[in-house]
Amino acid sequence: MKLRDELPVDHHLATVYRYGAGFCGLVLLVFAALGFADALSPFNTSGTIAGMTTNVALSVISTVVGLALLVGAAIGGNFASTLNMTVGTLFVLSGFAHIFVLDRPANILDFGMTNVIFSFVMGLVIATFGMYGRVSSKLSPDNPYWRRRHPEQAAARERRAAALSGPPGAPRPLPTATGAGDADGERRVLD
């Protein structure tokens, strides 16, 4: 199963992936722009934005990731969904990595605890946009991911739907619980 083949290009979930990537990309670009405006040197540790520390290096990273999310929003579809899940996971992993380097010389991006929390929250928001309608135990049968994971059941549903629709003006068989017809082998029809 390939992720890029699971969702039709024009499916309504593609809108969620696209807007999610665009929104999160814009948030990161605003953070980066404010960081560029506030910082004096690439690894300056005195810049703060909304309680988070920043420097030019962190602003460059935020710009690259924000632009990548905007490209994902422009492309849309499964690409945006996969990109959102990947970037969200990387943000969460970054949060964990920076917990261990707080107040150490290895903290070259000058992360503080507010940055770590922002990384966790932003990662979860981005990943949620990517996983929306794709990862759940309660997907509806009309969801393309459910159909991909349950091909036999989806094919049976499509056959039942095709049998019920039939040609225009023709009598339609009544649906039965098992779909096998009456006990004598005949199907009941509507007049």
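Helices (H or I, at least four residues) and strands (E, at least two) are DSSP runs, numbered from the N terminus. The structure shown is a predicted model, in which local features need pLDDT of at least 70, side-chain atom pairs count only at pLDDT 80 or more, and totals for chains, interfaces and linings use all residues. Residues are numbered from 1 along each chain as its sequence is written, and side-chain values use heavy atoms, with hydrogens and water left out.

**The whole chain**

Display the protein chain by secondary structure: 6 helices and 2 strands are present, in the order α-β-β-α-α-α-α-α along the sequence. Of the 191 residues, 37% are buried; buried means under 20% relative accessible area, exposed over 50%, and partly exposed in between (1.4 Å probe, protein chains only). Among contacts (heavy atoms within 4.5 Å) with a separation of 6 or more, 60% join residues 24 or more positions apart.

**First stop: the nonpolar patch**

Select Leu90, Leu93, Phe96, Ile99, Phe100, Met113, Ile117, Val121 and Val125, which form a nonpolar patch on the surface with about 840 Å² of accessible area together. Helix H3 (77-101) and helix H4 (113-131) are the elements that give two or more residues to the patch, and H3 gives the most, with 5 residues. Patches are made of residues with over 30% relative accessible area and no salt bridge, with like charges joined within 9 Å and nonpolar side chains (Val, Leu, Ile, Met, Phe, Trp, Tyr) within 5 Å. A salt bridge is a side-chain nitrogen of Lys or Arg within 4 Å of a carboxyl oxygen of Asp or Glu.

**Second stop: the aromatic pairs**

The whole structure holds 2 aromatic pairs. Rings of Phe, Tyr and Trp (its six-membered ring) pair if their centres lie within 6.5 Å; planes under 30 degrees apart count as stacked, over 60 as edge-to-face and the rest as tilted. Select Phe31 and Phe118, a stacked pair at 6.0 Å centre to centre with 25° between the planes. Phe31 lies in helix H1 and Phe118 in helix H4, so this pair ties together parts that are 87 residues apart in sequence. Phe31 is buried, at 7% relative accessible area, whereas Phe118 is partly exposed, at 23%. Next select Phe96 and Phe120, whose ring centres are 4.9 Å apart and whose planes stand at 65°, so the pair is edge-to-face. This pair links helix H3, through Phe96, with helix H4, through Phe120, across 24 residues. Phe96 itself is partly exposed, with a relative accessible area of 44%.

Remain on helix H4 and select Asn115, which is buried at 4% relative accessibility. Leaving aside residues up to four places away in sequence, Asn115 touches Met52, Thr53, Leu58 and Asp110.

**Last stops: two aspartates**

Move to Asp103 in the loop between H3 and H4. Its phi is near 60°, a positive value in a residue other than glycine, and Asp103 is exposed at 81% relative accessibility. Finally, select Asp38 in helix H1 (residues 13-38), a partly exposed residue at 34% relative accessibility. Asp38 and Asn55 are 17 residues apart in sequence, and their C-alpha atoms are 7.9 Å apart in space.

Technical notes
Areas by Shrake-Rupley, 256 points an atom, 1.4 Å probe, with all protein chains shown as cover.
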